[in-house]
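Reader: Got a new model open and want to talk through it. Can you take my questions as they come?

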Amino acid sequence: MADKPTKGLADVVAASTALSDIDGKAGRLFYRGYDIHDLAGRTTFEETAHLLQHGSLPSRDQLAAYGAELVRGRALGGLVASNIPEIAAKQEPMEALRTLVSLAGADDPDKDSNAADANLRKAARLTAQQPLLVALYHAARTGATIPDPDPELSIAANFLLQITGRTPSQREVEIFDTCLVLHADHTMNASTFAARVCAATLSDMHSAIVAAIGTLKGPLHGGANEQVMRTLEAIDPSGVAQTVRDKLAAGEKIMGFGHRVYKTEDPRATHLRKMSRELGEASGDDTYYRMSKEMEEVVFAEKGLYPNVDFYAATVYHYLGIPTDLFTPVFSVSRMSGWTAHVIEQHADNRLIRPDSEYIGERDQKWKPIDER
């Protein structure tokens with residue numbers, strides 16, 4: 001008799017990858033063999049994207065060449081650019097990004113090729129365009145005008161400038177850049193798996209990324225960081241502990257805690273907690289950080305759950321001035337580097353992903369004419 005299927009494909013190996021790895025028991029994350037603790041705060045997002053997409057940390061010359069490619073690739077085609085105002089008026093952020101990336105595929109000069117060199121060029125364009133799409137969407141819905149991206153600034157610096165309308169401090173840029181590094185890839189998570197399933201049919205990269213964005217949109221995946229902030233905003237700061245205990249007693253899920261893979265603290269949360277505290281103290285009002293810390297302590301005491309990447313990312317983004325409903329789009333800005341790398345890897349050694357299923361429905365049904373049913 002065949003083994004019973006694992007619900008949610010837990011512990012099922014769906015693909016081989018050289019991109020990232022997790023040691024869930026030890027709470028460690030690696031990008032192409034590099035520990036995330038070695039990369040965070042020391043390696044820029046652009047270097048990390050190059051590592052994932054090209055396979056190595058770049059030399060100075062390679063980084064300069066990749067940076068120039070990102071600057072060139074940032075330019076939007078006419079179809080996607082002309083539709084941003086109408087899309088912003090009718091769609092919520094993640095819905096809009098799903099639509100805009102699809103339109104960007106029509107504009108892409110390599111749209112008809114899955115060749116390795118074409119995929120690398122598309123990966124760079126998608127990585128460069130995603131933060132601009134988020135910023136232009138936000139500007140269109142608020143009636144704001146944003147400055148053109150500065151080719152001398154990093155992705156992190158340009159994004160904060162365009163979203164907040166003010167020049168960020170160097171430390172704010174460093175912190176946000178670290179956030180992008182921390183979110184760049186995470187093995188076979190739901191959105192990455194969706195991208196690889198799509199790519200495995202030999203569909204194009206933009207289609208695979210649209211599948212990933214649609215998957216990231218869900219509150220059990222990328223949408224969790226927004227829900228964390230909504231929860232904090234709805235709680236009286238003086239009643240955090242009791243509110244959390246009441247929610248847990250009622251069987252409610254506290255977003256931002258627990259992880260399907262990590263059995264100890266999510267290593268990304270380690271960095272985000274420190275950055276949340278730093279930004280909160282620098283802002284002169286660290287209420288949300290203190291609430292988060294108290295919430296963390298109560299959830300661990302009651303349930304033994306550790307915070308995951310979404311929990312402290314919420315307050316970090318808040319302190320950086322990013323609107324709450326853009327938290328998940330910001331996730332996509334970072335994860336674009338990993339998604340595109342996975343599509344490249346899937347196309348390079350492809351086999352159609354086609355799992356089996358266990359049928360649990362009725363058997364031996366007998367057909368009857370419609371008048372007898």
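Reader: Let's start with F311: buried or exposed?

Author: F311 has 0% relative accessibility, so F311 counts as buried. Buried means under 20% relative accessible area, exposed is over 50% and partly exposed is in between, with a 1.4 Å probe and protein chains only. Keep in mind that this is a predicted model, where local features need pLDDT of at least 70, side-chain atom pairs count only at pLDDT 80 or more, and totals for chains, interfaces and linings use all residues. Residues are numbered from 1 along each chain as its sequence is written, and side-chain values use heavy atoms, with hydrogens and water left out.

Reader: Ok, and which aromatic pair does F311 form with Y312?

Author: An edge-to-face one, 4.9 Å centre to centre with 80 degrees between the planes. Rings of Phe, Tyr and Trp (its six-membered ring) pair if their centres lie within 6.5 Å; planes under 30 degrees apart are stacked, over 60 edge-to-face, and the rest tilted. Both F311 and Y312 are buried.

Reader: How many aromatic pairs are there in the whole structure?

Author: The search finds seven. One of them joins F257 and F311: the ring centres are 4.5 Å apart and the planes at 50 degrees, so that pair is tilted. F257 sits in the loop between α12 and α13 (267-283) and F311 in helix α15 (residues 309-319), so the pair ties together parts 54 residues apart in sequence. Helices here are DSSP runs (H or I, at least four residues), strands too (E, at least two), numbered from the N terminus.

Reader: And which rings are linked into a cluster?

Author: F159, F176, Y317 and F327, through ring pairs.

Reader: Switching to α12, which residues are buried there?

Author: In α12 (residues 240-249) they are V240, A241, V244 and L248. They span an arc of only 95 degrees around the axis, which puts them on the same side of α12; the arc is that of the directions from the helix axis to the C-beta atoms.

Reader: What covers them?

Author: α14 (287-303) is included in the cover, with contact meaning heavy atoms within 4.5 Å. Just after α12, G251 has a positive phi of about 80 degrees.

Reader: Last one: what order do the strands of the sheet take?

Author: Three strands form an open, antiparallel sheet in the order β1-β2-β3. β1 (20-23) and β3 (34-35) are the edge strands, each pairing on one side only. Strands pair if DSSP finds at least two bridges between them; β1 and β2 (residues 28-31) have four.
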